Structure formats: structure tokens, C-alpha cells
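Welcome, and please open your viewer. We will go from stop to stop, and at each one you will hear what to select and what is there.

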Amino acid sequence: MKQHSTSLLTVAALLAPLCLSSCKDNGQTVDSPDHSATTITSESTGLAVLSDASTLASQATDSAAHWLTPELLLLPKNEDSVVYQLVKANNAITDAVTLQTTDMPAKLAKKFPHLADFQAYKVDLTATEAKAWLKQQLMVLALDKAKQVQNVSFVQTGAVIDALYTQSSNDADEEQGLGATLTAQQTHFKLWAPTAQQINVLLFDKNTVELNEQRISASETFALTEDENTGLWHVAIPKALNGSYYQYQITVYHPASKQVETLITTDPYSLSLSMNSKYSQIVDLAASDTQPPSWNSHQIPTVNNVEDHVLYETHIRDFSSIDSKLSDSRFRGKYKAFSEQDSYGMQHLKSLQKAGLNTVHLLPTYDIGTVNEDQSKAIDLYDSMAKVCAIAPHAFVCQKNSSVTITPEQSLFSVLSSFDPNGTQAQQLVSELRELDNYNWGYDPYHYTVPEGSYALNPQGKARIIEFREMVQSLHGLGFRVIMDVVYNHTYESGLEEKSVLDKIVPNYYHRLDPISGAIEQSTCCDNTATERVMMAKLMTDSLIVWARDYKIDGFRFDLMGHQPKQAMLEARAAVRQVDSDSYFYGEGWNFGEVAHNRQFVQASQLELGGTEIGTFTDRLRDAVRGSGNNTRKGQGVGNGLLTLPNNQQSQTKDLSDYHLKMAQLRLGLAGNLAEFTLTNEHGQQVLGKEVPYGDQPTGYALDPADTINYVSKHDNQTLWDNSQYRLPFELSTEDRVRLHLQSISFALFAQGIPFLHLGAEFLRSKSYLRDSYDYGDWFNRVDFSKQNNFYHVGLPPEAKDKDNWPLIKEVMVGHQGRDKVSAKHITFSSDVFTQMLAIRMSTPLFRLATAQEIIEKVSFLNTGENAQAGLIVMALNDNLGAQVDNNYQNILVVFNTSAKSQTFSGTAEQELTFSGYQLHKEQAAGADDVVKQSVVKEQSITVPALTTAVFVKPR
């Protein structure tokens, strides 16, 4: 390193011994009135440093220093008269550089808006020097005029790492082949770790790994060499190691311990793993030994337009965990269940596909961190109590003094079934077992690009890859496209935790840190990743490409997508479409947390993604139908009685503003949630979608129908059935509850945009009021494809999530007096009507218009304005306007009668409507619902029964 005569202390000065009293030695003045202000000063430079780095680090109050480029560092503005020094340490301080105030470049202020109010300082280091500094502990000292240390800050380095290693045209982010790759005679290992001091790859024999659960010794060790331009470490081993396992041994300074650590970790670019992910495996996903027969030649279904998608959200376990018609009981909750031919689940999927369902959305199926992949050590619903108590001896039923009598051979299922459904025992036992059972939604990513092993019969290495591909191939063969739920917004663990990976390799780079404290942000639930960092965005994109190219995944649903930059999402989609041209992206565009309102970057949020055809879930239609909030009886929605069926906490004479607003939001939802769609409000005024409020945001934000995902139920929060029971009037009959349930789904199915359907909603699915079932086992999450039970009343929901709701749950269950409980007949009826509604949507492109202009031209609402009939939405689809899209129907009328009485609609005198030529859609005319068949069409009017959605068509 070059010498800085005015700003950098000599090594001799830096390494001077710490004096605890005033002294002079070799030109060094040491003045330490107390331990917290201990300093070493150089008379020639006037600068101060501490030689004891650990003492200095212990005095750090924050991590508010942000090193953005080799030449620029930011600190919070400080009115005190202090001098700042950037120092690096390796046990002792080894170098220091004084910071000089400067102006924040406009480009950087725009790039880092959350730091725009910080003060910029010039750093007198070259790029080469900066790279060397990044491998050590870094701190910024604030020194007063007496050269006393007044404050110590750790340094956030993510931005400068990007600046040093990703800003040229041929550096880290252009590199291909990260991870382990095979050639005919060599195996290449490539790991990006620019702050590491040393890296070795540890090799393990395949058979030894797969036969031993305990950590074993490496068979061979090879040192990797760093490319200082890219920060990539690489070694080429002169033999093909197909099937061998490996780990990385990394020596790196880690801020969690504030010292240099030697860590063992798997590869963030792993393509295969051992059971429970202790070892990465070297594989070639293009090789036949990772593929089922005919993998490369099997046909993949397509859709004509993005808007033709109908999405069916499915959890791997939920699909088959209690299916009694599987050919092998071992397939319950496994990938293999999707290759069955005659199970209840597959029979139902086939019937839905025949009606028009075309896309299965799989909840997370990448490698997760919360389920033990060794089936002998994970609890299953049908396991014996001998096994349950061996794994979970703390469970209350396993105690010698337990009031519950069990036998060793008794199953967990039978024990849970024996409990009083009004009581708390079921939730207590499920809660005690939840961290040891085989259930989790999967929003806890461990390795992003390997299939989860707990869903495989054999979780070791290549076997899980083959089983996953068999599932995809089977679904494709049935005519379904396959969407994968992905979670690049957080990791399961970080720091030095056992299942931390990224944060052991480049500490504090891959995660978003609080700008002052430096703590990893956790607004997502867990350790937030920083996809604004170039190499985190690259990891996401590279992972998506593998899933699309090598696993033939047809699209991706992004968890908490609003926590990621819009630009990163657009670039990722462009890259994926290079290998799969019709891949569809959608996700949660919620606007919250530390990134809210574009605080750190332009988000991939609802309001920012309009016009991109990256879909976002719309909470506007959802809340209009379900009612606002959760766990409440106070706020009804259109789908559970708002105004028309008031419950005991509502009044028909109350302020109608909430009703009118929700009806406007619902109409806009039916019109694709378009910002530019024109509605007539309750005052007779013409308003645009973007002018209708939703809280402090506009209701209409979409600029294209593919921007909008319409739903009324998904895995989050209460199921549609449970939510409605919270809010419905007590006296409502069971049959009418089922009708309202189906009508709620009809809003999503008959809306422009893309419908999203929750597995089991057609069966009146319940989770016994459980708000958040992510880790609460098959007992609360199961789905009965034999259509006998919706599992509404299987015990109070778990205390940790819903104890505060128990009083209300008990109140409504008493109030409903059993009318909330359904029979197999109700479930079958609901399933049949659901299937017919699906067939209606897919019978005409008028429900699937492909552009905003087509929607604006062809969609209108008739029952609007000051004299609109309450509880009635009349949507008209007119194919005589604009370019023709349907060869069969020229007009469609959809009448949603949400009231408790039959309603006749004839329009106003000014409209001069005629309904001549309209007829009930053939699916309803010949369907399972006898009530809708009572609809009457006359030349000047249409009559629709209570709580009914009726579709009328006018053929060409």
C-alpha cells in the first residue's frame, strides 16, 4: 500500500502499545484519562488510533458508516467538531485514513435515496487498496479536538463491494458457471467471495455421505485461487467428480463475532444436496442420471395469452396428505402423489383440467430449512404414538401424569380425533409437535435452486431431483402448466447460524441492513435479502433460469415481491424468457417495511408495476368481497352480507359510504382493476379507477389485465369459509352460506385479469379459523378430495396465533347453532358449481380480454348511479364494440345478486335496455345448481334468485 504523508499513520505508530497513563515514546503521545477514550496520537499527523481493535470494537455504537465507492463514504450528519478516520484492524489497528468532507454526487444520491441526508466524505484509497481493506474489520472513529475517540461505527460495505466488483463490463456479475460444474475430464468450483481471505473445497465420497448422518472427514481438500478483478475463487480439479459431495471452508472476517472465522458451508449455487442439506453434490442437470424417462422430449402446455392462465394454488402435502386412494401410502405428501392415476386428488385435478384449469401453482418446493428430511425423525399425522413420544417426549400426551390415555400403537391421527373439537387439546398437541413434524409451507429458504427433500421418497442427492421432475412431467402430461412459488426476499438464517449460507460467504452483503444499527432487517418475517445488491439479484436470476431451463417450470410467483427492485424483476424476467419465452411472473406487490414508498429503490410493488405484465395480487377486490381486516365480525364484505345481510354488529341504516366504496372497488376489480377504467359512482359521476380510493392509495392501478391477480382466498390468513363464518349473520342457513361462498369465488372467476384459486376452496375448505397455518401440521391444513369433510370444527386454532380470537370464535360458533357445519352433500354441490363456473370462464375469451383497451371498450356496468338497486352488480361484456374476440357470443351479462331476495333488473328508462336473445349459459342451464335455473329472461327484464351469480349469453 502506498504511504499517505498527511493522512495515513505508519504501521509502527499504529501498532504502538496501548498505554493506560500519559507517556511519550518515539514521537507518540498517549493520553488516556479513561479506558473508553483511550487514544494513540501521532504528533506529526495529529491523527488518533487505538491499537487494541477489540477494545475499540466493543465501544462501537452503530453501523451507520456506509462505504459506497472506493472514494466515498457516508456518515450521519454531525454538528460536533470531530475528525473521522476509517480504520482497518486485524486484532490490532493496521491502517487508518482520515476522511475529508465532500459533496454527495447526484447519481449516488439518486441510487441511495434513504442515505441522501447523510454527509459524504472522501476516502483516499485506491481500488486495489479498498479491496484489501474489505478483507479486514473496518470501523470509523470520531475524534474530538483532544484526539479522544468520541464514537465508533462499524462500516456497511455492500455498496462498495458492488462498486469494486460489478461495475465494469467483464467482472463478477458477467461470470457464468458459479457453483460446481462438470466437463468430461474436470470439475470446476467457482465461488464469489471477495472479502474472504482463504477458501478450500472439501470433497466427500458419495457413499460415505449417504450412509453417515454424522459429520465425516473430507476425502480430499483443494485450495481455491482468487481472481482479484472479480472476487471469484476458482479451482479446476483434473477429474470428473459426478455424484461426489462437497463443502466450502472459508476464512473470512465476520461481523457477527467481530473476528476472523474459518467456516464450513454448502454452496449457494448448489444444484443437489445430501439429506438435510449438509453437503452440496456435484451433478449435471442435463445428464440422464438426473432425469426421469422421456424428460427431454415431453410436451409442455401453452396458453394463447397471459390472461388465459387460471392459477390453482397447491401445497405438496395438502394435495395428498390424507388421500386414501393412493397406490402406495408412502406417497402421501410427496412429489410421487402427482404421478398417480386414480387417487382422489388426481381424479379431481383431471376434472378441473377438463373444465379449463390450466396452471398449478406449487407453494415453495425449493430446499427449506424447517423440515427434517429424514422421515424416521420427522413426525407424520399417521405415525404411532410410540414414535411421536420418542421424538417429542415433552408433548403433554407423552407425560406419565397426562390426563389423556394413549397406547404405543395408537396413531397421532386417532389421538387428535379423540379430542373435544370445542377444546384446546388438539391445538396444544399440534403446537408442541410443529417444529418436529413434516409440515411447513416452505417460506424459509435454505438453498434456492435444489428441490426440497422432505417431499421426496429418497431425499439423497439426485433422487430428489428425479422425483421433482417426475411431478412436473406428470402435471405437464395432464395439460397443466406449473408455477413455482419462490422466496428470494429473505433467507431462513444468517450470521453464524447452522443453516446460514450466504452470510457466511460474503458477510453482511446479501442481506439488507438497518442504515443506522446495521442489524439485518426482518420486515418480511425473517432475514431480509438485499436484491438491490448486484450479486444477490444475479443469484436470483441465475436460480430462476435453472428452474425454467432445467426443470421446465413455466412461471414464478414471488413472495413479498415489493421488497425487491422493479428493475431487478424486469431484468430477471428478460433473462428467464431467453430460455422460456412465455414464462409468467407475478407476486405480492405489498408496500411496507423499510423499503416502503420507494424509500431505498423503485419497488416491484402494485403501483410501480402497472403496464409491465408482472402480475400483483389485488387486495382491492379481495377486501371488497371478504371485508376488511381479519378475525373480526365488525366489517362485512360484499361476499358475506355487507348491507344486504347485516350481522348482529351491523345495521341497515348505517352510513352507506362503506357499501358504495366496496361496490365501486368490486366493479373495478371485475374490470381488471384498471387505472383508466371509467365507472359511474353512487352520485352519478364518472370517475376513473385511479380516482377511487383504497385507503391512501388508488383502487385502480393496473394498466394491463395481466397486471392483476384476482383472488378471495389463498394460503395466507383464514380460508374463505372461515372468514365468512366470522362475519355472516347467525340465522343464515347452511345452504345460503354455501351460495355466498360460491358467489365470492365467482367474483374472481368472472373478473378480467387472472384468477387465482386456493386449493380446496371448492370444497368449502376450513382450517378451523386458524389465521396462519404455516407450521401447524396436516391436522389443520389437510384437504379432503373425497369430498366428505371440510375440517371446519377440529379444535380451536393454535394459541400462539389465535388465542386472542378464541372468545369471538366461541361466540360465533354458538351463534351459528350448527348452520356453519356442512355435509358431504354441500361439499359435492360446491365442487360441482365451482367446476361449472370455471368452465364458463374458459368458454369465452370475453372473460379473458388481453388488453386494457379491449376491457375499456367491451366491459360496462349497468346497475350504477344514484338509483342503483342495492345488492346487485350487472356486468355487460359487449363483443360488438371494438375488434371481435368471440366467435360464439356477441354479448354476455353477468348478474351478481348478493341480496337475500330475488331481484329483477330492467335498467332505467334512459338506457332502453332489451334482453331479447339472452339465455342462461349452458353450463348453468344443465348444471348442479337448481336455484340459478330459476332465473327468468324477458325482453325488458332479467330476474335472478337470491345469493346467485347468473351468466346470460347472447349467441351470434
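Begin with two helices that cross: the crossing of α14 and α15 is right-handed, where right-handed means that the near helix is turned clockwise from the far one by less than a right angle, and left-handed that it is turned anticlockwise. Before going on, note that this is a predicted model, in which local features need pLDDT of at least 70 and side-chain atom pairs count only at pLDDT 80 or more, while totals for chains, interfaces and linings use all residues. Residues are numbered from 1 along each chain as its sequence is written, and side-chain values use heavy atoms, with hydrogens and water left out.

**Stop 1: the helix pair**

Select residues 534-550 for α14 and 566-576 for α15; their axes come within 9 Å and cross at roughly 30°. That makes α14 roughly parallel to α15 (angles under 35 degrees count as roughly parallel, over 145 as roughly antiparallel, 65 to 115 as roughly perpendicular and the rest as oblique). Axes here are lines fitted to C-alpha atoms, for helices over the stretch in contact, and angles run from 0 to 180 degrees between N-to-C directions. Helices (H or I, at least four residues) and strands (E, at least two) are DSSP runs, numbered from the N terminus.

Now show the side chains where the two helices meet. On α14 the contact is made by Ala537, Met540, Thr541, Leu544, Ile545 and Ala548, and on α15 by Ala568, Met569, Ala572, Ala575 and Val576. Contact means heavy atoms within 4.5 Å.

**Stop 2: the cores**

Which residues have the most contacts inside the largest nonpolar core? They are Trp67, Leu86, Trp192 and Phe556, in a core of 186 residues. The largest share of this core, ten residues, comes from α14. A nonpolar core is a set of buried Ala, Val, Leu, Ile, Met, Phe, Trp, Tyr and Cys residues joined through side-chain atoms within 4.5 Å; buried means under 20% relative accessible area, exposed over 50%, and partly exposed in between (1.4 Å probe, protein chains only).

A second, separate core of 26 residues includes Cys389, Val397, Leu412 and Phe780. Then centre on Leu86: leaving aside neighbours within four places in sequence, its contacts include Trp67, Val123, Trp133 and Val155.

**Stop 3: positive phi values**

Most residues other than glycine have a negative phi. Asn276 is in the loop between β20 (259-265) and β21 (280-281), and its relative accessibility of 24% makes it partly exposed.

Next, pick Leu764, where phi is positive, near 60°. Leu764 lies in the loop between β37 (754-758) and α20 (777-781). Is Leu764 buried or exposed? Leu764 is buried, with a relative accessible area of 0%.

**Stop 4**

Thr265 is in strand β20 and is buried at 5% relative accessible area. Beyond four places in sequence, the contacts of Thr265 include Gln247, Tyr248, Ser500 and Lys504.

Val687, in strand β33 (residues 686-688), is buried at 17%. Not counting residues up to four places away in sequence, Val687 touches Phe677, Thr678, Leu679, Asn681 and Val692.

**Stop 5: helix α22**

Finish with residues 806-816, helix α22, whose buried residues include Trp806, Leu808, Ile809 and Val812. The buried residues of α22 pack against α11 (425-433), α18 (720-727), α19 (734-749) and α21 (799-802). After α22 comes Gln817, with a positive phi near 50°.
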